[in-house]
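Q: Please go through some of the labels used for this structure and say what each one rests on.

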Amino acid sequence: MSSPSERVQSLRQAWRAQWASMSPSERRLLTVAAWLAGLTLVVMVGVRPAWRTLQTVPTQMQTVEAELALMRQQADEAQTLRQRPPVPPVQAEASLQSATARLGAGARLSRQGDRAVLNFQGVSGEALAAWLEEVRVGARARPLEAAWQQSGDALYQGSVTLSLGAGGAL
């Protein structure tokens, strides 16, 4: 049984004998074929992945820049909300009640200490989004939990739990 190095050595000798028996034009053709195979390998392994990356980077950069702009806008909005003076508990309660009244008969608001829970049924997504915005700005309430599902024809049912902060305001 021969060792791997002996097998490699015998293959080299066989290759050299085959090479020596070829005509110069066959050698040239084989050399060109080997160069083309090597070049193809370099292109497939090294150049194409880099080229694909260069093609996708502008799109990814636009997405990242849009996300960054949105995050900056949200940070500015959060800073603005933090700088606003606290809302008195009576005003926060009034804001919650008036926003809930605009949702219609399918919405009920209940208070539990520094939290408020809205249970709703048959409310549109637009009305729910407007309600969330109004209670966030008007009562300085922030959502803690939300569980809702679509009940048909773009109407929703579920509940939202809000934190009212100390004394009814954040």
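**Labels and their grounds**

The place of threonine 100 is in helix α3, where helices (H or I, at least four residues) and strands (E, at least two) are DSSP runs numbered from the N terminus. This is a predicted model, in which local features need pLDDT of at least 70, side-chain atom pairs count only at pLDDT 80 or more, and totals for chains, interfaces and linings use all residues. Residues are numbered from 1 along each chain as its sequence is written, and side-chain values use heavy atoms, with hydrogens and water left out.

Q: Why does threonine 100 count as buried?
A: Buried means under 20% relative accessible area, exposed over 50%, and partly exposed in between (1.4 Å probe, protein chains only). Threonine 100 has 6% relative accessibility, so it counts as buried.

Q: Which residues does threonine 100 touch, not counting those up to four places away in sequence?
A: Threonine 100 touches Ala107, Leu109, Leu118 and Trp131; contact means heavy atoms within 4.5 Å.

Q: What puts the buried residues of α3 on the same side?
A: Ala92, Ser95, Leu96, Ala99 and Thr100 are buried in α3. They cover an arc of only 125° around the axis, so they lie on the same side of α3; the arc is that of the directions from the helix axis to the C-beta atoms. Val90 and Ala101, on the other side of α3, are exposed.

Q: Why is valine 47 called partly exposed?
A: Valine 47, in helix α2 (residues 24-83), has 43% relative accessibility and therefore counts as partly exposed.
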